[in-house]
Amino acid sequence: VAQSCGAWVLSDEIYSRLVFEGSHDSVATREGMLERTVVLDGCSKAYAMTGWRVGFGLFPAPLVEPARNLAINSWTCLPPFVAAGAEAAL
């Protein structure tokens, strides 16, 4: 449906690493969907970093600049220990 009408897909995949049977299936891996899917994820659930508020988004090229502009004016200053913890987890 998204491909036929040119829509973007926002996929919240915060629980993608908590699969107990089978494997996670992201909509972004489907044919023709990578270029129209924004994937949101983070470290809170899978890496027991609740309260640290570290998340990230994977954006198609046309949305990188608008997303950066939104983020830089909305939130900043991730504490260094939180950044290091997220880096080690990923």
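**Close-up views of the chain**

**View 1. E13 meets H24.** The side chains of E13 and H24 are joined by a polar contact of 3.0 Å. A polar contact is a pair of N or O atoms within 3.5 Å; within protein, one must be able to donate a hydrogen and the other to accept it, and sequence neighbours count only if both atoms are side-chain atoms. The model is predicted: local features need pLDDT of at least 70 and side-chain atom pairs 80 or more, while totals for chains, interfaces and linings use all residues. Numbering starts from 1 along each chain as its sequence is written, and side-chain values use heavy atoms, leaving out hydrogens and water.

E13 sits in the loop between β1 (9-12) and β2. Strands are DSSP runs of E, at least two residues long; helices are runs of H or I, at least four; both are numbered from the N terminus. Which residues does E13 touch, leaving aside those up to four places away in sequence? They are H24, S26, V27, V39, L40 and D41. Contact here means heavy atoms within 4.5 Å.

**View 2. E13 has no salt bridge.** E13 is buried. Buried means under 20% relative accessible area, exposed over 50%, and partly exposed in between, with a 1.4 Å probe and protein chains only. The nearest side chain of opposite charge to E13 is R17, 7.7 Å away. Lys and Arg count as positive, Asp and Glu as negative; His and chain ends are not counted. A salt bridge puts a side-chain nitrogen of Lys or Arg within 4 Å of a carboxyl oxygen of Asp or Glu.

**View 3. R17 pairs with D41.** The whole structure holds three salt bridges. In one of them, the side chains of R17 and D41 meet at 3.0 Å, N to O. R17 is in the loop between β1 and β2, and D41 is in strand β2, so this pair ties together parts 24 residues apart in sequence. Is D41 buried or exposed? D41 is buried, at 11% relative accessibility. R17 is partly exposed, at 35%.

**View 4. D25 pairs with R30.** Their side chains form a salt bridge of 2.4 Å, N to O. D25 is partly exposed, with a relative accessible area of 46%. R30 is partly exposed too, at 46%.

View 5. E65 is partly exposed at 42%, and R68 is partly exposed at 41%. Helix α2 covers residues 61-74 and includes S74. S74 is partly exposed, at 43%.

**View 6. W52 and F81 form an aromatic pair.** A search of the whole structure finds one such pair. The ring centres of W52 and F81 are 5.3 Å apart and the planes stand at 75 degrees, so the pair is edge-to-face. Rings of Phe, Tyr and Trp (its six-membered ring) pair with centres within 6.5 Å; planes under 30 degrees apart are stacked, over 60 edge-to-face, the rest tilted. W52 is in the loop between β2 (37-42) and β3 (55-58), and F81 is in helix α3 (residues 80-89). The two are 29 residues apart. W52 is partly exposed at 34%, whereas F81 is exposed at 56%.
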